[in-house]
Every structure is written in C-alpha cells, then in structure tokens.
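Work through the exercises below with the sequence and the structure open. Each task is followed by a solution in steps.

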Amino acid sequence: MIIVLKPRITKRQESSVLREIRKLGYEPHVMRGVARTVIGAIGDEKKNPSLETLTSWPQVEKVMPIQKRFRLVSREAHGKNSTVKVGRHVIGGKKFHVMAGPCSVGSEKQLMETAHAVRKAGATILRGGAFKPRTSPYEFQGLGEKGLKLLAKARKETGLSIITELLSQKHADLVAEYSDILQIGTRNAQNYQLLIAAARTGKPVLLKRGMSMRIMEWLLAGEYVLANRNPNLLFCERGIRTFEDYTRNTLDLSAVAVVKAESHCPIVVDPSQGCGKASLVHSMCRGAVAMGADALLVEVHPNPTEAISDAAQQIDLEGFAALMDELAPIAESVGREI
Ligand code: PEP
Ligand code: MN
C-alpha cells in the first residue's frame, strides 16, 4: 500500500503513522519529498488487517493499493494475450471469431435456417438464448432445455460451436452439458455465486459487462472465474446505460482498448444489445474489429420482424453475409483473419 501524508505534517504525527503501520504487521518505507511524505508499506495483506483504516487518520491524505485488486485477469499476471479454446476454435489468436444467431431459440426451423446461413457466411459459433432474462415476467422466457437440445442439434448438423446464457446456478451443469461457452448476461454480471458455479463447470465463460458496471468492477467480476480455477474467460462489452436514449445502450468501444491494456483475457463485442438497432450493427461491428476486439456476438434472425425477443436489433441472413464480407478487409488490416 502507498500512504500519502497531508502537507505540513510534524515529525511526531509522521511517527504515529509509522507506529500504526508496524502494529498492523507491515514494514514502512518512508519517502520524503519537498511538499509531502509518502510511505510504502510492505506486508501480506491476506494475513494482516487492511491499511485502509488509515484513511480516517487526520494526518493521512490517501491510501492507495500498489497491487491491482484483480490479480489473475490482470495483464501483469500473464505476459502475453491468453487464448480460449472452444471446441476446435481458439479465441484470442490470429483468427477473428464471429458468434452469430438469434436472440432466443424460437423453433427448430428458425434455428437450423440461421445456423446453416451464418456458418456459410463464416461464423464459427452459434448463439441463441434458451433461458431468457426478460425484463417483464409476462414476456417469452425461452424454451429452456428444449432450446438447449435444439442448439446441440444445430451443432451436430453444422459443426458450429454453441454459446448460450446461464441464468441460474441450478442450471449450471445442464447448460454446460449442451453449450461450449456459458454466457453470463448483463443482469447477472455481479452475481458472484453464479460466476463461481459457471467457472466450476470448467467450460469457457463469456462475461458480459453489467449495464451499470465500471470497467474495474467488471474486471473484478472476471477475477471470480479465474480465482475458481477456470482460466477460460472472455469479457464481452455490450453497452452501458447512459443519458443517451437514441440507442438502447451506449456501446463503449473504449472498453476494448481498456480491457486490452489491463487484462490478458480476450474481449468480445456485442453490438446488437449495444445499440439495439439493426441499422447500426454493421458500423459498430466494423469499429469493434478495427479496435482490436477478438470476436463479435451478433444477433441474426431469418425474419427479424417475427423474432420473439429483441426484434429491432437483429439483422437478417443476407445482412449478416454482407457484414462478413465488410469485416474481412478490416480484420486483415489489423493483422487478423476472419
Ligand atoms: C442476449 O445476449 O440476448 C442478452 C440478453 O444479452 P445481455 O445480457 O447483454 O442483455
Ligand atoms: Mn438479445
């Protein structure tokens, strides 16, 4: 910890802080500047009481941690970018991955038609919600296990890997049985028991950013996955709540650069939830690829106007094929292939 003392502190006041630091089990190292004194306190924070109590001392200006609170997801913990293996795919390497499919699995026909089309266009992973977190309890809640079975059938027919949302701890093993990636949605991004349950399945976990979550809180939520012995974590930016209501959310593409700087884990962008409007999805996808994201999660439906959830933001099959063509040269220009 770094303890910054207030200006014009007497020798006696400084000594009392040093005494307290030693009493709490740390070794203080004093740095006296022209204007103020800074103390570096070295010791085991797991064994000793926290030095944060010093914040309330009148002679102390602030107490700052030296080590990042997120240790395992931090870039310092892992020299190079980490990669996540999903079936025969590797996310975070040279290949840029596109996960595409309907918001919700609605029927066999809808899912199979979408799966074949997105695969043909170059997607590698099929998305589709079987357990849906709906704002209203009167809206479609998903097909549940039947939806998972349809996703597994689509994987068998197309060879695509599967990503679907895990909503409840009690379904962790069930969803892990059918899905190659467990998606933790924005509403559950700080449901730590769910994150632990997801991590313990051993399956890769895609952690969406909570809609009101700061990046540091999101990284710490990701820490729960790695701290529970699952290194296969993907962060996913999906837009945050701001004062802007032209779009459903504000897709924070700066988060791609921040996560890349702070963490070694791959980052995925979901422009569909991010802007909530099909007409904006193409440009946000282009931006995400150019920013250095590792993958996209895009909602695609054979007939978006008939979709049972998120109809306004899903692009159709032709639109998706055109999107993949648009993205290829951008991916190439940033050293990726699609
Ligand atoms: C979704 O992917 O359909 C979804 C519900 O996502 P989010 O949790 O980002 O709202
Ligand atoms: Mn959706």
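**Exercise 1: a residue of a helix**

At 13% relative accessibility, L226 counts as buried (buried means under 20% relative accessible area, exposed over 50%, partly exposed in between, with a 1.4 Å probe and protein chains only). The model is predicted: local features need pLDDT of at least 70, side-chain atom pairs count only at pLDDT 80 or more, and totals for chains, interfaces and linings use all residues. Residues are numbered from 1 along each chain as its sequence is written, chains are lettered from A and ligands numbered from 1 in the order in which they are written, and side-chain values use heavy atoms, with hydrogens and water left out.

Task: find which residues L226 touches, not counting residues up to four places away in sequence.

Solution. 
1. List the contacts of L226 beyond four places in sequence: L72, V73, P231, L233 and H264. Contact means heavy atoms within 4.5 Å.
2. Check A199: its C-alpha is 7.5 Å from that of L226, and the two residues are 27 apart in sequence.

**Exercise 2: the helix and what follows it**

Solution. 
1. The buried residues of α6 are I215, W218, L219, A221, G222, E223, V225 and L226.
2. An α-helix has 3.6 residues a turn, so residues three or four places apart point the same way.
3. R229 sits in the loop between α6 and β12 and is exposed, with a relative accessible area of 79%.
4. Most residues other than glycine have a negative phi. D310 also has a positive phi, near 50°; D310 lies in the loop between β14 (295–299) and α10 (317–333) and is partly exposed at 21% relative accessibility.

**Exercise 3: the ligand**

Task: describe the shell of ligand 1 and name residues that make polar contacts with the ligand.

Solution. 
1. Ligand 1 is surrounded by 13 residues, the closest being R127, K132, T186, K208 and R238 (near means that a heavy atom of the residue lies within 4 Å).
2. By class, the shell holds two nonpolar, four polar and seven charged residues. Ala, Val, Leu, Ile, Met, Phe, Trp, Tyr, Cys and Pro count as nonpolar, Asp, Glu, Lys and Arg as charged, and the others, Gly among them, as polar.
3. A polar contact is a pair of N or O atoms within 3.5 Å; within protein, one must be able to donate a hydrogen and the other to accept it, and residues adjacent in sequence count only if both atoms are side-chain atoms.
4. A polar backbone atom of T186 is 2.8 Å from an oxygen atom of ligand 1. Polar side-chain atoms come to 3.2 Å from a ligand oxygen in R187 and in E299.
5. On its own, ligand 1 has 300 Å² of accessible area, and the protein covers 97% of that (Shrake-Rupley method, 1.4 Å probe; for residues, only the protein chains shown count as cover).

Definitions and conventions:
Helix = DSSP H or I, 4+ residues; strand = E, 2+ residues; numbered from the N terminus.
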